[in-house]
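Dear colleague,

Please find the structure below, handed over for your records. My notes on the contact between its domains follow.

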Amino acid sequence: MPDLLLFVAPNTCARVPTIALEEIGVPFETELVRIAINQQGSPEFLKMNPKGKVPTLLIDGVPLTENVAILSWLNATYPEANLLPKTDNTLDALAQTADLAFFAGTVHPTVTRIAMPVKFIADKALSFEIVRPVGIQDMHKIMKMIDARLENGPWWYGDSWSVLDGYLYWVWGRITAIGYPGEGFPNIQRHFELSNARPAIQRAMAREAVNVEILKADGHYMAPR
Ligand SMILES: N[C@@H](CCC(=O)N[C@@H](CS)C(=O)NCC(=O)O)C(=O)O
């Protein structure tokens, strides 16, 4: 059994592999990265992941980065956990990769425009005035599509839960925590409630809550706003 250490930070997309690992039920440790003091930019961290990002998964000491790769590795390594629907068809498998890439490459950057607009314009006031509203408009289009998809069943792939649902759970929780209006998306709201009832998600959130308390105690917690 590989030794697994996941580098995480509260409220970030590291929540997604944390959920996946809890769904698998394999032993793993997490290591808290203090984003507020740029630990992800420290020489030690950059030696492991030169991109300076969480999540990073150390597998027997070997780093794997990028949610798409981490989630795909977890699915391939623990097939019994059904993190993605089973298929022998190449096109179907690539469609699943496309779904992961959509979350990582389209949805996540839209979350960033809403949650961290200052990453796009140095002027903080302007970033909230200009970047965030445009991000919200783009997110509406994405959520409209996802809400329609969830007409076919409670989860991204219908009746069976997958890591795409963990991804959606993180996105929805992240944006609604800072005021994204969720009323127009009843299927996604139901998805969020169903997700909150999953024991693995509760365990992942409990792990995160411990890290929030650690950060609050040392003055490095960045509350979503
Ligand atoms: N493409 C990467 C994105 C990772 C990413 O942007 N992580 C953010 C947190 S959600 C981060 O580490 N931010 C710290 C920084 O940019 O300095 C993935 O999907 O894993």
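A salt bridge is taken here as a side-chain nitrogen of Lys or Arg within 4 Å of a carboxyl oxygen of Asp or Glu. By that rule E23 pairs with R198, with 2.9 Å between the closest N and O atoms. The count between domain 1 and domain 2 is one salt bridge.

This is a predicted model, in which local features need pLDDT of at least 70 and side-chain atom pairs count only at pLDDT 80 or more, while totals for chains, interfaces and linings use all residues. Residues are numbered from 1 along each chain as its sequence is written, and side-chain values use heavy atoms, with hydrogens and water left out.

The protein chain divides into domain 1 (4-82 + 200-217) and domain 2 (90-198); the bounds come from an automatic or database domain assignment. Their C-alpha centres lie 19 Å apart. To the contact (heavy atoms within 4.5 Å), domain 1 contributes 17 residues and domain 2 contributes 15 residues.

The two domains bury about 1500 Å² between them, 67% of it on carbon and sulfur atoms. Buried area is the accessible area (1.4 Å probe) that two parts lose on being put together, summed over both. On the side of domain 1, V16, V68 and I201 lose the most area to domain 2, together 31% of what that side buries.

Yours sincerely
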